[in-house]
Amino acid sequence: MLVFPNAKINIGLNIVEKRADGYHNIESCFYPVGWSDALEITLADEFSFRSDGIVIPGNSSDNLCTKAYQMIAADYALPAVKMHLLKSIPIGAGLGGGSADAAFVIKALNEQFDLKISFEKQLDYARRLGSDCAFFISNKPAYCFQKGDEFEDIDLNLKGKCIVLVNPGLHISTVEAYSGIVPKRSEHDLHNVLKEPIENWKFKVKNDFEATLFPIYPLLGEIKEALYQQGALYAAMSGSGSTLFGIFELEKDLQKHFADYKVWQGPLD
Ligand SMILES: C[C@@](CO)(OP(=O)(O)O)[C@H](O)COP(=O)(O)OP(=O)(O)OC[C@H]1O[C@@H](n2ccc(N)nc2=O)[C@H](O)[C@@H]1O
Ligand SMILES: Nc1ncnc2c1ncn2[C@@H]1O[C@H](COP(=O)(O)OP(=O)(O)O)[C@@H](O)[C@H]1O
């Protein structure tokens with residue numbers, strides 16, 4: 001089976017409070033984007049995982065794909081498989097690429113081997129692998145809360161608009177990014193502001209990581225500003241960075257403009 005785990009962006013990210021378990025309660029709109037890995041899962045004599053493309057830190061037993069397989073194999077009689085991942089989504093980039101890979105393994109094993117794991121149970125498995133991971137089980141725009149692993153449908157349709165993602169290659173650790181944050185309630189209810197025209201978002205839809213990370217990495221703020229100068233209706237950092245995104249009314253080719261960085265651009269669904 002061949003699947004294409006895709007990245008996500010965060011449209012708005014409020015870090016509301018620190019929890020007793022050390023994690024943070026957040027409020028965010030997660031939106032799928034087309035920057036994708038490719039993952040092939042085939043029957044084999046023994047389990048193996050290998051990856052090509054962008055080098056993933058850690059060895060194959062640390063990989064979230066391997067962890068997802070082992071977690072399902074602990075509860076279901078799974079045959080051995082060979083997994084081959086072509087890694088394209090930048091790592092430590094705020095795009096949730098590792099979480100997407102893991103969620104797609106859960107979904108692919110369920111389908112390929114007819115395991116009949118319910119949707120709710122797939123969400124629970126995904127939550128065990130990472131806070132972002134459960135989102136990729138449904139993989140459709142959602143208002144996310146708690147650790148980012150509880151969802152509500154959101155009335156937001158950006159279909160037809162174009163997104164440009166710019167990754168400057170800085171690897172920002174999620175743990176470090178959260179450790180710099182003083183949580184606070186947001187001034188604006190994200191549900192409500194996302195109903196306003198996209199041109200208003202610039203003033204109301206904030207990613208709380210920007211205030212702490214932009215002073216440390218001024219390049220991030222410069223790229224965001226450049227996206228606005230190029231005509232973005234809305235621009236922001238995704239997650240804990242370091243990827244910036246701009247949403248444009250029409251198709252936009254900024255590959256040359258951001259020639260020093262990794263750029264992905266395409267339509268939003
Ligand atoms: C910041 C966000 C925003 O969507 O995305 P990324 O920028 O990583 O893509 C997420 O909250 C990242 O989720 P994810 O990358 O799955 O994090 P996890 O593996 O669960 O946790 C890594 C570490 O981040 C911190 N963490 C994570 C999620 C959360 N709600 N509160 C936290 O404090 C904890 O220190 C935890 O040990
Ligand atoms: N399949 C995978 N793809 C990417 N990263 C992975 C994977 N498996 C494990 N990881 C680990 O997860 C960490 C964060 O990955 P990633 O999801 O790309 O970042 P982010 O949380 O910023 O979106 C990396 O440091 C990496 O070592």
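Helices (H or I, at least four residues) and strands (E, at least two) are DSSP runs numbered from the N terminus. This is a predicted model, in which local features need pLDDT of at least 70, side-chain atom pairs count only at pLDDT 80 or more, and totals for chains, interfaces and linings use all residues. Residues are numbered from 1 along each chain as its sequence is written, while chains are lettered from A and ligands numbered from 1 in the order in which they are written.

**Domains and their contact**

- The domain assignment gives domain 1 (2-152) and domain 2 (157-267); such bounds come from an automatic or database assignment.
- The centres of domain 1 and domain 2, taken over C-alpha atoms, are 22 Å apart.
- The contact between them takes 24 residues from domain 1 and 30 residues from domain 2, where contact means C-beta atoms, placed from the backbone, within 7 Å.
- On the side of domain 1 that touches domain 2, β2 and β3 each supply at least two residues, and the largest share, ten residues, comes from β2.
- By class, that side of domain 1 has 13 nonpolar, eight polar and three charged residues.
- In this classification Ala, Val, Leu, Ile, Met, Phe, Trp, Tyr, Cys and Pro count as nonpolar, Asp, Glu, Lys and Arg as charged, and the others, Gly among them, as polar.

**Nonpolar core**

- The largest nonpolar core has 71 residues, and those with the most contacts inside it are C65, A102, A103, V105, A126 and F245.
- Helix α2 (residues 97-112) gives the largest share of this core, eight residues.
- The core lies between domain 1 (2-152) and domain 2 (157-267), because both give residues to it.
- Such a core is a set of buried Ala, Val, Leu, Ile, Met, Phe, Trp, Tyr and Cys residues joined through C-beta atoms within 7 Å.
- Not counting residues up to four places away in sequence, A126 touches A102, A103, I106, C133, A134 and I137.

**UniProt annotations**

- The unreviewed UniProt entry assigns "domain: GHMP kinase N-terminal" to residues 63-137, a span that is 56% helix and 9% strand, with end C-alpha atoms 18 Å apart.
- UniProt positions are given in the numbering used here, feature names are shortened, and annotations may be inferred rather than shown by experiment.

- K8 is in strand β2 and counts as buried because 28 other C-beta atoms lie within 10 Å.
- A residue is buried if 20 or more other C-beta atoms, placed from the backbone, lie within 10 Å of its own, exposed if 12 or fewer, and partly exposed in between.
- Leaving out residues up to four places away in sequence, K8 touches F30, Y31, P32, V33, L95, G96 and F135.
- D132 is in the loop between α3 (119-129) and α4 (135-138), and is buried, with 28 C-beta neighbours inside 10 Å.
- Apart from its neighbours within four places in sequence, D132 is in contact with G96, S99 and G148.

**Ligand surroundings**

- Of the 20 residues around ligand 1, G130, S131, D132, G239 and S240 come nearest; a residue is near a molecule if its C-beta atom, placed from the backbone, lies within 6 Å of it.
- The shell around ligand 1 has six nonpolar, twelve polar and two charged residues, and β2 (6-18), β3 (24-36) and α5 (174-179) each supply at least two of its residues.
- For ligand 2, 19 residues surround it, and the closest are P57, L64, G97, G98 and D101.
- The largest share of the shell around ligand 2, four residues, comes from α2.
- The shell around ligand 2 lies between domain 1 and domain 2, because both give residues to it.

**Backbone geometry**

- Most residues other than glycine have a negative phi, and most peptide bonds are trans.
- D114, in the loop between α2 and α3, has a positive phi near 50 degrees and is exposed, with 8 C-beta neighbours inside 10 Å.
- N139, in the loop between α4 and β7 (142-145), has a positive phi of about 60 degrees and is partly exposed, with 17 other C-beta atoms within 10 Å.

Methods: Contact = placed C-beta atoms within 7 Å.
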